[in-house]
Amino acid sequence: MKGIVFSEFLEMIENQFSLNLHHQVLRECQFDHDGVYTPVGTYPYEEFLAMADVVSRETNIDQQKLIHVYGEYLFSRFVELYPEFFENMEHPFDFLESVDKRIRPSMNQVYPDADFPALPCRRLDEKVLEIQYKSVGPLMELAYGLVQATLEYFRYESSIEVDDKSTTGDHTDVTFTIRLE
Ligand code: HEM
């Protein structure tokens with residue numbers, strides 16, 4: 001997974017918990033690269049989960065809950081880092097559809113070797129959208145947090161149903177069905 005996902009996680013730890021915890025995570029995990037993540041570098045998912053384990057233990061926040069919260073945080077960072085993808089967007093379904101159609105192809109130019117998750121969408125009617133998250137990674141809660149933050153950003157009340165079809169722990173196939181109120 002690309003370094004940006006790791007470095008933003010460490011930023012969140014520092015901002016929302018403490019610099020001490022950030023240092024402790026790096027000390028305990030002892031990665032070869034000393035915790036320096038370049039945005040274009042590729043690092044194993046296991047490193048992300050190992051860091052999340054330390055934070056979860058130290059903060060008493062369930063690991064999956066923490067990854068979900070990180071998804072929400074990461075969304076707010078995408079808004080700051082890539083304002084162009086939010087221009088002229090008024091509806092959460094238009095934005096979610098644009099991730100696969102527009103954002104991913106554009107990000108592929110920045111990160112040609114990235115393993116972006118596939119996020120195909122299907123509009124069932126004007127108030128219901130299905131978005132599938134298919135990834136070689138185990139980050140369902142990250143996707144869930146990103147989807148939830150999208151709905152909040154566009155100020156839409158909704159319910160989200162989660163159908164997890166993954167059969168093994170090393171890949172993910174989940175469908176989120178979003179129903180606007
Ligand atoms: C402006 C919007 C977005 C940008 C710029 C963006 C960009 C990225 C980038 C650069 C990565 C790292 C890819 C890699 O490591 O190979 C990534 C990963 C990911 N993205 Fe997005 N993304 C956006 C929106 C979303 C949304 C709305 C979702 C919600 C479903 C999403 C779900 C994910 C997940 C779950 C990952 C983790 C990697 C994985 O599962 O393999 N992204 N994204």
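**Close-up views of the ligand shell and the sheet**

**View 1. The residues nearest the ligand.** Of the 25 residues around the ligand, those that come nearest are Lys2, Ala114, Ser135, Gly137 and Leu146; a residue counts as near if its C-beta atom, placed from the backbone, lies within 6 Å of the molecule. This is a predicted model, in which local features need pLDDT of at least 70 and side-chain atom pairs count only at pLDDT 80 or more, while totals for chains, interfaces and linings use all residues. Residues are numbered from 1 along each chain as its sequence is written.

**View 2. Where the shell comes from.** At least two shell residues are supplied by each of α1 (3–17), α5 (92–110), β2 (128–135) and α6 (140–153). Helices (H or I, at least four residues) and strands (E, at least two) are DSSP runs, numbered from the N terminus. The largest share, five residues, comes from α6.

**View 3. The open sheet.** Four strands line up in the order β1-β2-β4-β3 with antiparallel pairing; strands pair if DSSP finds at least two bridges between them. The edge strands, β1 (121–125) and β3 (158–164), each pair on one side only. From one strand to the next, the twist averages 20°. Look between β1 and β2 for four bridges; Arg122 has Glu130 in β2 as its bridge partner.

**View 4. Helices on the sheet.** α5 lies across β1 and β2, at about 150° to β1. Angles run from 0 to 180 degrees between N-to-C directions, with axes fitted to C-alpha atoms, for helices over the stretch in contact. α6 packs on the sheet and touches β2, β3 and β4 (172–180); contact means C-beta atoms, placed from the backbone, within 7 Å.

Terms used: Two residues are in contact if their C-beta atoms, placed from the backbone, lie within 7 Å.
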